[in-house]
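Here's a quick tour of a protein fold for you. Keep the 3D view open and click along as you read.

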Amino acid sequence: MKIIGITSSPRGKGSNSTTALNLALDVAKDNGADVEIFDLTKMNIADCQGDDYCKSHNGECPVNDDMQQLYSALKECDGVVLASPIYFFDLTGITRIFIDRLYAFYLSTFPEEYKGKKFSIITTQEIADEDEFRASAELAAKGFESLGFKIMDIECFGDVNEPNSLSDEQIKRAQKLGENLL
């Protein structure tokens, strides 16, 4: 089983969203999964060009950037965990660009060929009310669902603006998310 993690925090390795992602992936790895992490903040990913080239080329995007690595990984994996902080009402900008680039798969045979892959999302935010921005996480999950992914967990962690501020309960939820991907 292959699980990929996709992180998008400009705060890097010590960010709470990346920490939660690593907790989930560690559980998957400890249970035999092969895991790979992609850091969107370190990748060169352009905006979708909206040229519909992918429509007539079975989901092939003509933009030759680091998104090509993610397209391959998404085809090969059995599950995905996407992790993003929410700074101002939504997922980070690079996360939105990544999701927009999945449009290439939407107009291809991807949903039929790769149906049933598992998807989970983790968000972190300063606001204590964990449901405050849940709609952003749910919308991202909806995009993956449209590609045939099975939505497993949507975890929104609140009151975690300072580094290493996940509570014991949040740590357990992140680990449970990793178990659910197996």
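Which residues does Ile 6 touch, not counting residues up to four places away in sequence? They are Leu 21, Phe 38, Leu 40, Leu 70, Val 80, Val 81, Leu 82, Ala 83 and Phe 98. Keep in mind that this is a predicted model.

**The nonpolar cores**

- Ile 6 belongs to the largest nonpolar core, which has 36 residues. Along with Leu 70, Leu 74, Phe 98 and Phe 144, Ile 6 is among the members that touch the most others.
- The largest share, five residues, comes from α2.
- There's also a second, separate core of 17 residues, and Val 81, Ile 122, Val 160 and Ala 174 are among them.
- As background, nonpolar side chains in soluble globular proteins tend to be buried together.

- β1 runs parallel to β2 (residues 34-39), and six bridges join the two strands.

**A closer look at α1**

- α1 has 15 residues and spans 21 Å from first C-alpha to last, close to the 21 Å expected at 1.5 Å a residue.
- Its buried residues include Asn 16, Ser 17 and Thr 18, as well as Leu 21 and Val 27.
- What covers the buried residues of α1? Among the elements doing this are β1, β2, β3, β4, β5 (150-157) and α7 (168-180).
- After α1 comes Gly 32, with a positive phi near 100°.

**Aromatic rings**

- The count of aromatic pairs comes to ten.
- Why is the pair of Phe 105 and Phe 110 stacked? Their ring centres are 4.2 Å apart and their planes sit at 10°, so the pair counts as stacked. Both of these Phe residues are buried.
- Phe 144 and Phe 149 pair up edge-to-face, at 5.2 Å centre to centre with 80° between the planes.
- Phe 144 counts as buried because its relative accessibility is 1%, and Phe 149 counts as buried because its value is 5%.
- Tyr 71, Phe 98, Phe 105, Phe 110, Tyr 114, Phe 119, Phe 144 and Phe 149 form one aromatic cluster.

Key: Residues are numbered from 1 along each chain as its sequence is written. This is a predicted model: local features need pLDDT of at least 70, side-chain atom pairs count only at pLDDT 80 or more; totals for chains, interfaces and linings use all residues. Side-chain values use heavy atoms; hydrogens and water are left out. A nonpolar core is a set of buried Ala, Val, Leu, Ile, Met, Phe, Trp, Tyr and Cys residues joined through side-chain atoms within 4.5 Å. Buried means under 20% relative accessible area, exposed over 50%, partly exposed in between (1.4 Å probe, protein chains only). Helices (H or I, at least four residues) and strands (E, at least two) are DSSP runs, numbered from the N terminus. Contact means heavy atoms within 4.5 Å. Two strands pair if DSSP finds at least two bridges between them. Rings of Phe, Tyr and Trp (its six-membered ring) pair if their centres lie within 6.5 Å; planes under 30 degrees apart count as stacked, over 60 as edge-to-face and the rest as tilted. The expected span of a helix is 1.5 Å times one less than its number of residues.
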